[in-house]
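Please view the sequence and the structure together while reading.

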Amino acid sequence: FLRGIKTLPLRMEAHCDGAEYLAQALSGLDEIEKVYYPGLSSHPNQSIAAKQMKRFGAIISLDLKGGIEAAEKFLNSLELFTQAVSLGDVESLACHPASTTHQLLDPELLERSGVTGGLVRLSVGVESPRDLLEDIQQALKEI
């Protein structure tokens, strides 16, 4: 713990740099209905986030066109992202909230919460953002 805490600021910069890069690069792609990231000007709470945060964090959510089938194909095609429900690891992680973290919620509550079948959550690690983007792009081609 003590060793890890010494490098936390450096790691957080890498996490945030990567997430910002990916959020910008993924916005507007045909396969993605919406990119959720508080650092994007399109995010409904971007102004609040900008007041409260120095950086916008390392979590990005993608709502993929094609619902749960698209999400499954996408997740199973990722090569650099590990499928896990955890957050904040040095390696990039991906999960499908509707079938993992939110699986016990009824469909109406899922819908009200914005947890669609196509929603995928990415926790961006410290790998090269360009490598992560290439991995996402090749996985998107599979849906």
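## Basis of the model

The model is predicted: local features need pLDDT of at least 70, side-chain atom pairs count only at pLDDT 80 or more, and totals for chains, interfaces and linings use all residues. Residues are numbered from 1 along each chain as its sequence is written, and side-chain values use heavy atoms, with hydrogens and water left out.

S92 lies in the loop between β3 (82-83) and β4 (93-95); strands are DSSP runs (E) of at least two residues, helices (H or I) of at least four, numbered from the N terminus. With 0% relative accessibility, S92 is buried (under 20% relative accessible area; exposed is over 50%, partly exposed in between; 1.4 Å probe, protein chains only). The S92 side chain comes to 2.7 Å from the backbone nitrogen of G125.

Beyond four places in sequence, the contacts of S92 (heavy atoms within 4.5 Å) include S123, V124, G125 and L132. S123 belongs to strand β5 (residues 119-123) and is buried as well, at 3% relative accessibility. With residues up to four places away set aside, S123 touches A58, I59, S86, L87, G88, E91, S92 and L93.

## Helix α4

Helix α4 (residues 67-77) has A70, A71, F74, L75 and S77 buried. These buried residues line one face of the helix, because they fall within an arc of 165° seen down its axis (directions from the helix axis to the C-beta atoms). E69, E72 and N76 are exposed on the other side of α4.

The buried residues of α4 pack against β2 (59-64), β3, β4, β5 and α6 (129-140).

How values were computed
A polar contact is a pair of N or O atoms within 3.5 Å; within protein, one must be able to donate a hydrogen and the other to accept it, and residues adjacent in sequence count only if both atoms are side-chain atoms.
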